[in-house]
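Walk through this protein chain step by step.

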Amino acid sequence: MHFKTIAPPSTKIYLLILILVCTTQIFAQVVIKDSVEITPIGRITSPNRPKSFNSNFDRPIYLRIGGVVGLTGGEQINGSVNQPLEEAQKFKLFCNDSRILQDAANSSCLLGPFMQWSTLSFYMTYPDPQYYTCDGGCPSQVFPQANSVGILGGYSNSDDVLFNPGDPESIFSAFRFPITLIPDSAKEAIPPPTVLNDTLVFGNPFLRTLQHTLTIPVTGNYRIRLETAKLNSHDDIKLLTPIDTVLLSDAANNVGVMIELGELQKGYQLTPAILSHVSPLVEGTTMFPKVSQIGSGKWMLRFEDWTDLTFDDVTLYVEPSADPPESLHVVVAEGIIWYGDTVALQIVPMDGQGRYSPLETSEPLKYSIELTPDGQQYGSLLYNGELVNMVEGLDAVDGIGKGVSFVSTSLEPIDTVQVLFHAKAYTDAIIFSIARPQLSIKIKKKIHGQEQNGIKKINPSIQPLIGGGSPIVLMENDRTVPLTEKTILLGESKFFYLQQDVNGELILKETSAPTSDALNPTEFTLTAITPSDTLAVYYEYKKPLYTGNTFTGMGPLPKGYIRLIGRYWTVTDDYKVQLTATYSGKTQSVYVKVKKPGLLGNKHNTIDDVKSQPFNLDELLITYGGKHGILPQMIKGQIEQETIPIFTPSYRYEPFSDLAIQLDSEKNMQYFKSTLPFIVSINPNSMGGSFPTGHINVTPIPYPKIPIMLADYLANHFSEYVDLDQKKVIGIKEQTKKLTEELNNLYLHFVKKYDSKKISERQITIKARDSLALELQQDSTLRKSFNQASQTRVVASYGFIQMMYTTAVVDKFEETGNLYGNAGTTYMKRDSSSQQPELLNEYAFAFPQYVDFTLKNLRSALKKKKLQTLPENNWDDGFEKVWCKTFQLHNKWRKNYGNEVISKSVNYEPRSEN
């Protein structure tokens, strides 16, 4: 098997006493401290003795998490108007026969600490009988209402003890004592057997049962989808059957991953489980889920990976690995039929790739199947012992229509013929419908007086859907199929093409992997539907080429195909186009709607910002990318390219760009004029103004906060600017020339020095680099070339996409209208002391500038001037190639930068919510 990764009786009561009793159980003994803190009275000593309880009335509270229990004074609710609340406030609260509260309505106390899964049992008893009267006798003990106590801990860490001991008109018709829990992680404990055996309330994650083995109902492709995992749930996902193997490690960092199981046969058995890694108490323990079958061949598995039995730590789905259903297939069980034979039929919903894909409905699913008039002359349908031409109300078993057969008995054909069927699936309204799946009949024919068998296998045709979920008219074979709506995710690519059915009718299909099997020549047209002035998708007749995940260029599509890419999406607008395909004078059309992705890849979906606050990165990129037509996965690929460590807010000073500006008198005045803010000076010791507050998450180094000479900065960080393989200093050539020459001289010196020793070329280069860094720290001619103050704030790049401050104060808003700033104004104001350069490290501030800057680079890559209309589709170089050039303009100095961005974006392809 191959896996991969993707009311008590009515009584009148006037005086009661509340007793707190603590019970003991195996593995979870309840202990009350010898001294219990009581307010406002003082302290008592607890005898800690067990009590016997009537199981029909006793309702213990289980402590889902260990810790200290707080008990608050009682509150009367729904009391009789004839008995004022003040009477209740006179009652005293007792714990183990000792009075602990003088005023039961207004006092409180702390008890504990208790181990996890300890139990607290409450009850009330009557004092001297002279203070009360009862109709029909009174019980000696009154227990809380059955629905008022249960589990303490988990999410709320609070509960109530609610008594309703007597006449509803009594002041005690309802009396509530709130209790709380102060958790203590040191009190963790394995649940006792009495808890683990209570399957109606809890469940036993340590015990494997029959429900944990899933039996595949229908042969098809299946997968395991990791839906949720808590932050500390670094557990392993595994199978126990059919083989014992770990499928995935660290669930918390792999939410959304699909584990493809491949094709599984009907009857195949799977037993998923997890290995817990959340606590030493359960480390390495195999734990089993609560299982719910939620559809045909689909299960939800909720795992507990600790001991609080919430069963919400890890959630998996086992489900068919298929796209949404696109068609119904009539399948012959045996694959062959002879004249005079009977063969079982099945109606199977499948996706566009011919994979089993069950229809999920909230109402019972039914099927119907009908023989076409031509087919009726060759046989009948057999259902419940009767021969008919049509069967309605056929129950779906595991999502498949079963229980009907075809009987070939009417007319012997003279050759192999096709018997055609009309099938549909429906609830109260038709939801899917398909015409003419075909069945070939194998017949007996004589050759030279001898009977010879001619065998022809079944080849059912795939037909389009014509349903929707509201009542519709079923289209007959000679009518036009109504326009359907297909979807494409923002950033997703789909390829559309035409096919013909056996009657010559056109079928417009989609695929994620184009082949040569398409009608040609096909003419495609696209029309903007909503909004009417924006084509929601990009189209072209090329496809990207990759070697592994490395982008290598563009190639032509097979003839008869068109590529669509979901390019625009916003919360407020419905982005939809109409795609029409024409072949031999016939046309077929569909609507294509752009939908919001749920995730961009399966990692780095939520990250920390510069203030160490988590935020949804995917949501940010989808919002900006969808509004401006920049694929969100490409932005994510660029963020990976620009950040060290990846996906962290970054700061990077550019010393050689700094030197180039300082040596250019015109640019020096432009950027470093003394009246401008943020200019660093050695004397006086100044960083040029204040820094933003809260920027605690800055990588790979924090902002320099002390002035430093350029030579000293280079010496301290020289390893960041040396390419060891090419033996050169990285940066502007004119400013790095001297350093590169000296690096090579030192390299040759060390080659001679270590000629007789076994030392690698790379080690020699490192020695040369480190020696050169020492030269920069000394008073040498080389140091004098870098005798300037490092402008570490102005000549630096910031944020997830590393925009230079020197760029932000020069470039102007030109491509985004007045959305983020008036057209013609710079991204940042050069003379503003409140717009610190470091604000570019705050994503909410930086992303408007980023999208405008990127769209300008796109225009340059397409060689279009500012006022010319930007071509929206079918770019000469192809989509990815143009974007490769666009991103290259972001970093002109790094060879293959654009290609690296496109290649990394493949890791973040858009995915649906589920």
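G560 sits in the loop that links strand 44 (550-556) and strand 45 (561-566). Strands here are DSSP runs of E with at least two residues; helices are runs of H or I with at least four; both are numbered from the N terminus. This is a predicted model, in which local features need pLDDT of at least 70 and side-chain atom pairs count only at pLDDT 80 or more, while totals for chains, interfaces and linings use all residues. Residues are numbered from 1 along each chain as its sequence is written, and side-chain values use heavy atoms, with hydrogens and water left out.

Is G560 buried or exposed? G560 has a relative accessible area of 8%, so it counts as buried. Buried means under 20% relative accessible area, exposed means over 50%, and partly exposed lies in between, with a 1.4 Å probe and protein chains only.

What touches G560, leaving aside its neighbours within four places in sequence? The contacts, meaning heavy atoms within 4.5 Å, are F496, Y497, L498, A518, L519, N520, T522 and F524. Y583 lies 23 residues from G560 along the chain, and their C-alpha atoms are 9.5 Å apart.

F524 leads us to a sheet. The bridge partner of F524 is A581 in strand 46. Strand 41 and strand 46 (residues 576-583) run antiparallel and are joined by seven bridges. Two strands pair if DSSP finds at least two bridges between them. In general, strands of a sheet pair through backbone hydrogen bonds, either parallel or antiparallel.

The open sheet has four strands, in the order 38-47-46-41, with mixed pairing. Strand 38 (484-489) and strand 41 (523-530) are at the edges; each has a single partner strand, so one side of each has no neighbour in the sheet. From one strand to the next, the twist averages 30°. Axes are lines fitted to C-alpha atoms, for helices over the stretch in contact, and angles run from 0 to 180 degrees between N-to-C directions.

Now move to strand 51 (residues 650-653). Strand 51 pairs with strand 52 (residues 699-700) in the parallel sense, over two bridges. There, Y651 has P700 of strand 52 as its bridge partner. Strand 51 also runs antiparallel to strand 55 (residues 796-798), with three bridges. Y653 has A796 of strand 55 as its bridge partner.

Finally, step back. The protein chain holds 15 helices and 57 strands. Of its 914 residues, 51% count as buried.
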